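I'd like to walk you through one model, so please have a look at it first.

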Amino acid sequence: MSAVRRVTTGAPWEDSFGYSRAVELPNGLVLVSGCTSVVDGEIAGGGPYEQAVNSFGVALAALGQLGLGREHVVRTRMYLTHARDVEDVGRAHKELFDTVRPVSSMIIVSGFVDPGLVVEVEVEAYRPAPAEAPAS
């Protein structure tokens, strides 16, 4: 791959704020922008666990558009509005990534664009280069 590939999902902020949901670089690194539990303009899932699962689902769907899955994830970042939600969000992360074990950060922030959101996630993945054919 020699060009940057960009994925859009039709989320309303992608066009109005000018960003892509995911970008794949020529070196195989894939960056997924902040994902929340907003589906069809509404917050899906009320609690932190449900919002985390839905948010990671949005990120994994973007990776899927590039032919990648959770096994390609090498880094996650979880932004939470309350420290009390650490265990719920951590449980969701473990259920999704326990066998993958990406590096990860969990960060407490003051808020998001919609006060009903309590979790936002970012994901980075890596597409390994195709194996070179053995010399004959």
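Quick housekeeping. This is a predicted model, so keep in mind that local features need pLDDT of at least 70 and side-chain atom pairs count only at pLDDT 80 or more, while totals for chains, interfaces and linings use all residues. Residues are numbered from 1 along each chain as its sequence is written, and side-chain values use heavy atoms, with hydrogens and water left out.

Let's start with helix 2. Helices here are DSSP runs of H or I with at least four residues, strands are E runs of at least two, and both are numbered from the N terminus. The expected span of a helix is 1.5 Å times one less than its number of residues.

Which residues of helix 2 are buried? They are Pro-48, Tyr-49, Gln-51, Ala-52, Ser-55, Phe-56, Ala-59, Leu-60, Ala-62 and Leu-63. Buried means under 20% relative accessible area, exposed means over 50%, and partly exposed is in between, with a 1.4 Å probe and protein chains only. Looking down the axis of helix 2, the buried residues fall within an arc of 165°, so they line one face. That arc is taken from the directions from the helix axis to the C-beta atoms. After helix 2 you get Gly-67, with a positive phi near 80°.

Now helix 3, residues 86-97. Its twelve residues should span 16 Å, and the end C-alpha atoms are 16 Å apart, which agrees. Val-89, Ala-92, His-93, Leu-96 and Phe-97 are the buried ones in helix 3. They fall within an arc of 105° seen down the axis, so they line one face of helix 3. The buried residues of helix 3 pack against helix 2, strand 6, strand 7 and strand 8.

On to the core. A nonpolar core is a set of buried Ala, Val, Leu, Ile, Met, Phe, Trp, Tyr and Cys residues joined through side-chain atoms within 4.5 Å. The largest one has 26 residues, and Val-32, Phe-56, Leu-63 and Val-123 have the most contacts inside it. Strand 3, helix 2, strand 6, helix 3 and strand 8 each give two or more residues to this core. Helix 2 supplies the largest share, seven residues.

How many aromatic pairs does the structure hold? One. Rings of Phe, Tyr and Trp (its six-membered ring) pair if their centres lie within 6.5 Å; planes under 30 degrees apart are stacked, over 60 edge-to-face, and the rest tilted. Phe-56 and Phe-97 are edge-to-face, 5.2 Å centre to centre with 70° between the planes.

Last, some single residues. Glu-14, in helix 1, is buried at 4% relative accessible area. Arg-101 sits in the loop between helix 3 and strand 7. Arg-101 is exposed, at 62% relative accessibility, and has a positive phi of about 55° although it is not a glycine.

Definitions and conventions. Contact = heavy atoms within 4.5 Å.
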